[in-house]
Amino acid sequence: MSDPPLLVVVTGPPASGKSRVARALARELEIPFLSKDEFKERLYEVFGSDGDVEERVERASLAILFSVAGSELDAGVSVMVESNFDAESDVEPFRDLERERDLRLVQIHCGGPTDRIVEHFAERSAGGKRHPGHDDDPEDAEEVRRKLDAGLWDPLGLPGELISIDVVSGDVDHAQLARRVRASAR
Amino acid sequence: MPLLVVVSGPPAAGKTTIARAVADRLGFPLVAKDAIKEVLGEALGVRGRNESRRLGGATFEVQFHLLRELLGAGCSVVAEGNFTPASAANFATLPHARVLQVHVTAEPALLRERMLRRAGRHAVHYDAEVADEIAERTRAGDWPALPLGGDLLEVDTSSPQDVHALAARIATMAA
């Protein structure tokens, strides 16, 4: 009997370096990677981002992320999911995933000094490199600070190991992080 | 090298049933068009034919994104959908995989009947409205086996098929 599949949850505030670390780590672990933002970008391409579309796209991207993660785990395939998961509303879908099947859960929380994250968010919003659908605005930086302070992007209350990293202040060694994930998942 | 099982053919040919049985038998994840469409459609609150068409495009994008992720990580997968020959170009951009295609068809008149019968399905589908069109397009050859290379198995569901025996046969081909 092989080990149950691994569910690696990468979470943390916007502009905390999550997706870069997650993408590299998924490659290191050789597991498929499901990023909420990557789903959103594909949906923006088709539906645009006017009016209430942004909210609908956000909802649909989370829905497809959880649905696909479930069906991959059901087939015994390990998977990594990445988003700025909401520490309140996004916990229940994970609990459902975990309750309904045998899996090994490891959470990686990307954090760092609040000032650096807010600053990074403002820089990224002004930089215009992200998909225009995200509609990032440097003026939202203070809202990001408020949500950070309110704990919206704190680690999720989930079973399993929690690994906290700070990639805002410095780079992490992806191979070493992958070894930590494998060791935590035993 | 991962294995990519593609279950192709017109709507209402019985692709989903066969794809599910094959995925379960092989222990591969199933990336099915309609399942993605239903999850997205429900969460987006898609209403009306026009939005449903756009939803079809979004579903296709998401499906290939998922296939790319799975195959890229070396995971074998079953992909199911009413892929048209134009999508062969999209398949060609996927990470390298061994391909096994199961092309599922049936008599156009039967497809039409089945479309009309399943018209109570999820609201994102327009089965009754498109039943005639599907039969016509099948007659015109819009959903042939795709030029993907690899192994090909033709399945005609005009007469009843033993789906478990079929899955076993496909598992042998996959071995």
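**View 1. The fold of chain A, read along the sequence, follows the pattern β-α-β-α-α-β-α-β-α-α-β-α.** The secondary structure of this chain comes to 7 helices and 5 strands, where helices (H or I, at least four residues) and strands (E, at least two) are DSSP runs, numbered from the N terminus. This is a predicted model, in which local features need pLDDT of at least 70 and side-chain atom pairs count only at pLDDT 80 or more, while totals for chains, interfaces and linings use all residues. Residues are numbered from 1 along each chain as its sequence is written, and chains are lettered from A and ligands numbered from 1 in the order in which they are written. The C-alpha trace of chain A spans about 50 × 35 × 30 Å along its principal axes. Buried residues (20 or more other C-beta atoms within 10 Å of their own; exposed means 12 or fewer, partly exposed in between, with C-beta atoms placed from the backbone) make up 41% of the 186 residues in chain A. Among the contacts in chain A with a separation of 6 or more, 79% join residues 24 or more positions apart, a contact being two residues whose C-beta atoms, placed from the backbone, lie within 7 Å.

**View 2. The largest nonpolar core holds 93 residues.** A nonpolar core is a set of buried Ala, Val, Leu, Ile, Met, Phe, Trp, Tyr and Cys residues joined through C-beta atoms within 7 Å. The members that touch the most others are A:L7, A:M80, B:V5, B:V22, B:V77 and B:V78, and helix 3 (residues 53-74) of chain A gives the most to this core, with 8 residues. Leaving aside residues up to four places away in sequence, A:L7 touches A:A69, A:L73, A:V79, A:L97, A:L103 and A:L105. Apart from this core lies another, of 9 residues, among them A:F121, A:A141, A:V144 and A:L148.

**View 3. The contact between the chains takes 23 residues from chain B and 24 residues from chain A.** On the side of chain B that touches chain A, the elements that give two or more residues are helix 2 (33-44) and helix 3 (49-72) of chain B, and helix 3 of chain B gives the most, with 9 residues. The residues of this side divide into 15 nonpolar, 5 polar and 3 charged; here Ala, Val, Leu, Ile, Met, Phe, Trp, Tyr, Cys and Pro count as nonpolar, Asp, Glu, Lys and Arg as charged, and the others, Gly among them, as polar.

**View 4. Helix 7 (residues 163-174) of chain B has buried residues B:L166, B:A167 and B:I170.** These residues cover an arc of only 100° around the axis, which puts them on the same side of helix 7 of chain B, the arc being that of the directions from the helix axis to the C-beta atoms. They pack against helix 1 (15-26), strand 4 (98-105) and strand 5 (151-156) of chain B, whereas B:H164, B:A165 and B:T172, on the other side of helix 7, are exposed.

**View 5. A:E30 and B:A12 each have a positive phi, although neither is a glycine.** Most residues other than glycine have a negative phi. The phi of A:E30 is about 55°, and this residue lies in the loop between helix 1 (18-29) and strand 2 (33-35) of chain A, where A:E30 is exposed, with 12 other C-beta atoms within 10 Å. The phi of B:A12 is about 70°, and B:A12 is found in the loop between strand 1 (3-8) and helix 1 of chain B, where B:A12 is buried, with 25 other C-beta atoms within 10 Å.

Key:
The expected span of a helix is 1.5 Å times one less than its number of residues.
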